[in-house]
Amino acid sequence: MAQQAYRTETDNGGAGSEPQPTRFRRLCERLTRGWRGDRRIWRRGLVLAACSVLTALVMLAHGHIPNAIGNLGSLVDTFLPWVGLLIPVLLVLGLIRKSATALIATVLPAAVWLNLFGGLLTDKTATGGDLMVATHNVNADNPDPSATARGVAASGADVLALEELKASEVPTYERALESTYEYHAVVGTVGLWSKYPLSDVKAVDIRLGWKRAMRATVTAPAGPVAVYVAHLPSVRVKLEAGFTARQRDESADALGEAIADEPLPNVVLLGDLNGTMNDRALNAVTSQMRSTQGAVGSGFGFSWPASFPMARIDQILVKGAEPESSWTLPATASDHLPIAARVRVIPQDD
């Protein structure tokens, strides 16, 4: 018997065909069109591959970039996470150039960036902690200091540090915060408000000639805590001078010495350090303390500028006390974002 061949009819009466490729598949085919059989894909893009290697080396060896010329090393340290933006650019250029060498080379900076900052992409916050602290550079030119004070107080912080307090506006902050905080002290342009008693309040000499740092003992329920509030000098990026930070660096050294001499085991530093944890110029402080954001925060926690945060120059650092969670607070009328953390005070007999 003769065999009859069958065909599947389509809606328009034609023979059936293979499924149409998906949009993603068509895109991949378009991008790789002309690659097959092209031996030059390994010879093209050597400059792009070299750029990928250089990007990885900058991130790996940023601590060895010298500060001799315009404090270039500290400038790179401060904005180091943003170097990662070069990776997708190199990847796209490698695709456009149709270079397998360039594409494979981007794996190197991507791996380095993830090793340095990948841990910040995960949420490490935990519940717990018996002391909530917050800090905010309120900006001397703040147009609404009363609303700013009420905004940060609404966070529920037990201890609140404010920096860049304008002398004429201190009474405004005091009135706005008096219903929330029973105790407070102001030294120069920094202040500390607390729900728990304050004692041993004094200025900390950070070699400026005026008062921008203080220390106080907070008698928290779990035990006394030495709380430092500091506003280190600002840094500037100038075409003719680079990253000018000498005064900031000297103040950081002085602050580090004061903290190293602190007799209490639980220490918290709150303030605007005008530098990130990567900046080697802050080593006198950061080498002996932990960043709450780095330890238990979610994300990078950038705090400045408030309109488009690019760096975390406002810091909450601890020594002895154990960080439990760390986060940024809603924006106020300041050019900085306030930040907060919960810490667990370690009893002195532990």
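This is a predicted model: local features need pLDDT of at least 70, side-chain atom pairs count only at pLDDT 80 or more; totals for chains, interfaces and linings use all residues.
## Aromatic pairs and a nonpolar patch

Leu57 lies in helix α2. With a relative accessible area of 48%, Leu57 is partly exposed. Together with Val53, Leu54, Leu60 and Leu108, Leu57 makes a nonpolar surface patch of about 460 Å². Helix α2 (residues 46-60) gives the largest share of that patch, four residues.

Now to the aromatic side chains. The structure holds six aromatic pairs. In one of them, Trp82 and Phe302 have ring centres 5.8 Å apart and planes at 25°, so the pair counts as stacked. Trp82 sits in the loop between α3 (72-78) and α4 (86-97), and Phe302 in the loop between α11 (292-296) and β12 (314-319), so the pair ties together parts that are 220 residues apart in sequence.

Another pair is formed by Trp113 and Phe300: their ring centres are 6.2 Å apart and their planes stand at 55°, so this pair is tilted. Here, too, distant parts of the chain are linked, as Trp113 belongs to helix α6 (residues 107-117) and Phe300 to the loop between α11 and β12, 187 residues apart.

| Residue | Relative accessible area | Class |
|---|---|---|
| Trp82 | 26% | partly exposed |
| Phe302 | 17% | buried |
| Trp113 | 14% | buried |

Which residues do ring pairs link into a cluster? They are Trp82, Trp113, Phe117, Phe300, Phe302 and Phe308.

Note on methods
Residues are numbered from 1 along each chain as its sequence is written. Side-chain values use heavy atoms; hydrogens and water are left out. Rings of Phe, Tyr and Trp (its six-membered ring) pair if their centres lie within 6.5 Å; planes under 30 degrees apart count as stacked, over 60 as edge-to-face and the rest as tilted. Helices (H or I, at least four residues) and strands (E, at least two) are DSSP runs, numbered from the N terminus. Buried means under 20% relative accessible area, exposed over 50%, partly exposed in between (1.4 Å probe, protein chains only). Patches are made of residues with over 30% relative accessible area and no salt bridge: like charges are joined within 9 Å, nonpolar side chains (Val, Leu, Ile, Met, Phe, Trp, Tyr) within 5 Å. Accessible areas come from the Shrake-Rupley method with a 1.4 Å probe; for residues, only the protein chains shown count as cover. A salt bridge is a side-chain nitrogen of Lys or Arg within 4 Å of a carboxyl oxygen of Asp or Glu.
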